[in-house]
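Subject: Structure handover

Hello,

Here is the structure for you to look over. My notes on what turned up follow below.

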Amino acid sequence: MNFINWSKQNLFANWKDSLLTITILYLFYVSIPPLLNWVFLDATFFGDSKKDCTGGGACWVFINVWIKRFTYGMYPNDQIWRINLAFVIFFISIGSYFFVSSKIKKYIFIFLTLVFPFLAIFLFHGGSLGLEEVETRVWGGLFLTLFISVFSIIFCFPIGVLLAMGRRSNLPVIKYFSIGFIELWRGVPLITVLFMAAVMFPVFLPSGTNLDKLIRVIIAITLFESAYIAEVVRGGLQAIPRGQYDAANSIGMGYWKSHLLIILPQALKIVIPGVANTFIALFKDTPLILVVGLMELLGMVNMAKTNPAWLGLATEGYVFAAFVYFIFCFSMSRYSLSLENKLKTTN
């Protein structure tokens, strides 16, 4: 009876709601069964080649055969353990962060922000201590997507916070530099920034110097996204009542101390949804690096679909890539929501 009453109140309250409900149910009836048949019932999950896909559904054999390339790109097979080791260390550190005391948490945070990035780069690139050197041109797949996303997020967030503070500064030089920086990067498409970083940036380097293309891409994405982070954080800073600034000044706190201990903690708590949204957008923008010749997850899917032995299976590749992106983006969204609730952002 509870369900019937709920349906009457929410789904069939009047003729307009009833028509809309029936229309949506009909669309589900028309679209869901064929989709389930294609994805599961008529799909082929096991095999070694396209010839094994004899059903009328999806050929997930394509994903099974290419899964290693979709995950690691063209990274040498005998060196993949280095990537796995780095990510195991990363996820163990993240997992342990939520179960240890606050005293130990700060050491884990320092490790993740100051030590782990250099450890990961050493493992991935090698070239010393007996590790074979692996050039960044063969990095790819989901591994490259996560590498670029994580490092860009680590660097763009503090830069964005500093730019937000700079834009509100009373010093004209700092204020107008921050405004110019933010408006410049927000006014240019990311694909143009990436192209400039890959093609034009080396022209301005001193003769005989070379900066790796992957580093150039990370710098470009970092600067681009930091402008958006700055505006999100600036919104949080403007939401802090003037009394908070006056209270900090009244007890003798200087500019940096008052911002680090009083203003920024409150402002960042307010802008958690906006910051999370920017990070999600950054993660989804990584396929654009294909224009500079780097093959992340979607780039590897595009390469695999053109293989003569696997022609005609682009749909399966794109569905797989979409599913992977959804899992990561949804996870970030849920974490930001849980962080909001934990900090009682909405009061």
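This is a predicted model: local features need pLDDT of at least 70, side-chain atom pairs count only at pLDDT 80 or more; totals for chains, interfaces and linings use all residues.

A salt bridge here is a side-chain nitrogen of Lys or Arg within 4 Å of a carboxyl oxygen of Asp or Glu. By that rule, R167 and E231 form one, with their closest N and O atoms 3.0 Å apart.

**Salt bridges around R167**

R167 has another partner. Its side chain also meets that of E183 in a salt bridge, at 3.1 Å from N to O. Here R167 belongs to helix α6 (residues 141-167) and E183 to helix α7 (residues 172-186), so this pair ties together parts that are 16 residues apart in sequence.

R167 is at 16%, so it counts as buried. E231 has a relative accessible area of 16%, so it is buried too. E183 is partly exposed, at 35%.

The contacts join up. R167, E183, R186, E231 and R234 are linked in a network of salt bridges.

**Salt bridges elsewhere**

How many salt bridges does the structure hold? The count is 7. One of them pairs R137 with E135, at 2.5 Å from N to O. R137 counts as exposed, because its relative accessibility is 62% and exposed means over 50%. E135 is at 41%, so it counts as partly exposed.

**A nonpolar patch**

A nonpolar patch of about 1,200 Å² is made by L20, I24, L25, F28, I32, L35, L36, F40, L41, F45 and F46. Take F28 as one of its members. F28 lies in helix α2, which spans residues 15-41. Its relative accessible area is 49%, so F28 is partly exposed.

**Domains**

- Domain 1 covers 1-41.
- Domain 2 is given as 58-75 + 144-346.
- Domain 3 covers 77-133.

How far apart do the C-alpha centres of domain 1 and domain 3 lie? The distance between those centres is 48 Å.

**Where to look**

Then go to the R137 and E135 pair. Finish at the nonpolar patch that includes F28.

Best wishes

Definitions and conventions
Residues are numbered from 1 along each chain as its sequence is written. Side-chain values use heavy atoms; hydrogens and water are left out. Patches are made of residues with over 30% relative accessible area and no salt bridge: like charges are joined within 9 Å, nonpolar side chains (Val, Leu, Ile, Met, Phe, Trp, Tyr) within 5 Å. Accessible areas come from the Shrake-Rupley method with a 1.4 Å probe; for residues, only the protein chains shown count as cover. Helices (H or I, at least four residues) and strands (E, at least two) are DSSP runs, numbered from the N terminus. Buried means under 20% relative accessible area, exposed over 50%, partly exposed in between (1.4 Å probe, protein chains only). Domain bounds come from an automatic or database domain assignment.
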